[in-house]
Amino acid sequence: MRPSSSSIVGPLLISVILHATFHNLAAASPLFTDGRWIVDASGTRVKLACVNWPSHLELMLAEGLSKQPLASITWKIYTMGFNCVRLTYPTFLLTNESLASLTVRQSFEIAGLDAAIPLIALHNPTFVDLNLLHAYKAVVAKLGANNIMVILDNHISKPGWCCSNSDGNGFFGDTYFDPNVWYQGLIQMATMFKGAPNVVGMSLRNELRGPRQNVDDWFTYMQKGAEAVHGANQDVLVVLSGLSFDNDLGFLASRHVDVSFQRKLVFEVHWYAFSNGDAWVEGNPNKVCGSISGSVNTRAGFLLDRQLPLFVSEYGVDQRGGNLNDNRYLGCILAFLADKDVDWALWTLQGSYYLREGVVDKDEAYGMLTYDWAGVRNQTVLQKVRAVQQPFRGPGVSKTAPYIIIFHPSTGLCVTLGSLTLHTLDFGPCDGNMQAFHYTQQRTLTSIDSSLCVSATGAGDPVKFDSCSDSGSSWNLVSDSGMHVSTTLPGDGTTLCLDVGPNGVVTNPCKCLGDDANCDPESQWFKLVTSAKTIP
Ligand SMILES: *[C@@H]1O[C@H](CO)[C@@H](O)[C@H](O)[C@H]1NC(C)=O
Ligand SMILES: *[C@@H]1O[C@H](CO)[C@@H](O)[C@H](O)[C@H]1NC(C)=O
């Protein structure tokens, strides 16, 4: 890369920051792959629980620096439990000299956003006259100082909001997507961050798409791009996006990526509610969850079964709570993420944008942070996301024989032991004292420490640990979502499902098992997740 010499303070400052922070990172970098898992140098699994943070729009500066100090933003990322950021950038920031040489101030002046400059000066005074690349590096370094890993994400070529089929940035050969310029940008980025231990991966290109997209070119260019990055920086994981806005890696079922190096390739997939139009609103949520999860498996999830690592690098919801399509999807994808125990990156961190699609200071309803970047936008959403930040199994994480925990996506909580004397079950944090079960061939849910079975006692009544020969202790996963946990009481033959009661886990008549599109099943969605961590 070619940083401009326009800032004298910049390079000195950066080298101090790099030095101060790059040696005390928690995760042992560099990272590798081990089958479907990402592991550190000692072979222990590192689960990427990332949040996206854009730096690829017109201003080419990580969003939010006019709202809060960088240190406060990175600290919030850490306290929300994310261990990693997918930090985006545009190719032309590296390859177009007239852009690469701009300072932050100049970039804002050119965009006509002069009013934001004093705000950046207020919150992040050292940034105003930094060259844009140095500013990017300073963000990476500060994340490192908070033990936060970074995936450098080549999001687009020409700086701006992404992505559409016709924006000229979609596929190799498009107006702004010359493969040779792309290699050059990747190599510059890889070289620039060689030796930065918190930079654990580079994602080659976000959301390939558009009329030009085809599988042959995907293999040709992605393999060359992967070699280019690895040639320049052997430490980073190389992350490959699929076709159709990164919704589709299905073509890997019949053809393999062929590169000269090993244990570094990761595949990324995106999954939003709107990836399927209005399907979540129009259908019965169980059926939609079942069919779309199945289709995501066919397009991407199958890689895990083939021992290839999958990174769900964008998913997210409108956090204002008013988008029914998003609300219904969230429980389903959280169950998927917990069940597969995959690495992921939530869309998104930013509470607002300097400029997006012509709108100055635009709010981001999908952002974890509020519009002023000062707090968490929605604690309820955060609680749900936190449930899937931890690893459940994998090398160095699996310490016992596998057992089951029961995850309740709509609260983000897991089933715990309730009253010791009444033997009831309750809800608690998924990183706390979860109850461990075996789901047996007789379809009982047995406590692994007492050999007692979860038993239904009646509609509206608490479930209890009881003798396994008792009635109501055989449980089936019914409904297309696979998340209704149901039992039939002898006698009247009532079918009941696990549900949320005032004091913990109860059974109620199963709901929304038919085709009704207006029915909300979520209180009865319980996902049986395999874990092998040390039992708390
Ligand atoms: C570099 O960026 C400037 C400003 O956006 C643009 O006018 C110019 O055409 C670009 N040059 C190349 C070679 O893409
Ligand atoms: C947070 O999200 C939930 C849905 O997950 C919604 O019900 C609630 O209204 C949201 N709260 C705020 C403050 O937006």
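This is a predicted model: local features need pLDDT of at least 70, side-chain atom pairs count only at pLDDT 80 or more; totals for chains, interfaces and linings use all residues.
Setting aside the neighbours within four places in sequence, the residues in contact with S293 are W271, V288, C332 and F336. A general point about helices is handy at this stage: an α-helix has 3.6 residues a turn, so residues three or four places apart point the same way.

Helix 9 runs over residues 215-232 and contains 18 residues. From the first C-alpha to the last, helix 9 reaches 26 Å, close to the 26 Å expected at 1.5 Å a residue. At its start, a side-chain oxygen of N214 comes to within 3.2 Å of the backbone nitrogen of D216. The buried residues of helix 9 are W218, F219, M222, Q223, G225, A226, A228, V229, H230 and A232. Their cover is drawn from both helices and strands: it includes helix 8 (179-192) and helix 10 (243-246), together with strand 6 (199-203), strand 7 (237-241) and strand 8 (265-270).

Within helix 9, G225 deserves a look of its own. G225 has a relative accessibility of 0% and therefore counts as buried. Beyond the neighbours within four places in sequence, G225 is in contact with W182, Y183, L186 and L204. For a sense of distance across the model, G225 and Y403 are separated by 178 residues in sequence and by 41 Å in space, C-alpha to C-alpha.

A buried residue is also found in a loop. H56 sits between strand 3 (49-53) and helix 2 (70-79), and its relative accessible area is 0%, so H56 is buried. The side chain of H56 makes a polar contact with the side chain of T88, at 2.7 Å. With neighbours within four places in sequence left aside, H56 is in contact with T88, Y89 and P90, and also with H155, I156, P159, G160 and C162.

Turning to annotation, the unreviewed UniProt entry assigns "domain: Glycoside hydrolase family" to residues 69-350. In the model, the end C-alpha atoms of residues 69-350 lie 13 Å apart. The span is 44% helix and 15% strand.

The ligands complete the picture. Ligand 1 is surrounded by N96, S98 and L99. A polar side-chain atom of S98 lies 3.5 Å from an oxygen atom of ligand 1. Taken alone, ligand 1 exposes 360 Å², of which the protein buries 28%.

Around ligand 2, the surrounding residues are Q319, R320, G321, N378 and K384. Polar approaches to ligand 2 involve both backbone and side chain: a polar backbone atom of Q319 is 3.3 Å from an oxygen atom of the ligand, and an N or O atom in the side chain of N378 is 2.3 Å from an oxygen atom of the ligand. Ligand 2 exposes 360 Å² when taken alone, and the protein buries 51% of that.

Conventions
Residues are numbered from 1 along each chain as its sequence is written. Chains are lettered from A and ligands numbered from 1 in the order in which they are written. Side-chain values use heavy atoms; hydrogens and water are left out. Helices (H or I, at least four residues) and strands (E, at least two) are DSSP runs, numbered from the N terminus. The expected span of a helix is 1.5 Å times one less than its number of residues. Buried means under 20% relative accessible area, exposed over 50%, partly exposed in between (1.4 Å probe, protein chains only). Contact means heavy atoms within 4.5 Å. A polar contact is a pair of N or O atoms within 3.5 Å; within protein, one must be able to donate a hydrogen and the other to accept it, and residues adjacent in sequence count only if both atoms are side-chain atoms. A residue is near a molecule or strand if one of its heavy atoms lies within 4 Å of it. Accessible areas come from the Shrake-Rupley method with a 1.4 Å probe; for residues, only the protein chains shown count as cover. UniProt positions are given in the numbering used here, feature names are shortened, and annotations may be inferred rather than shown by experiment.
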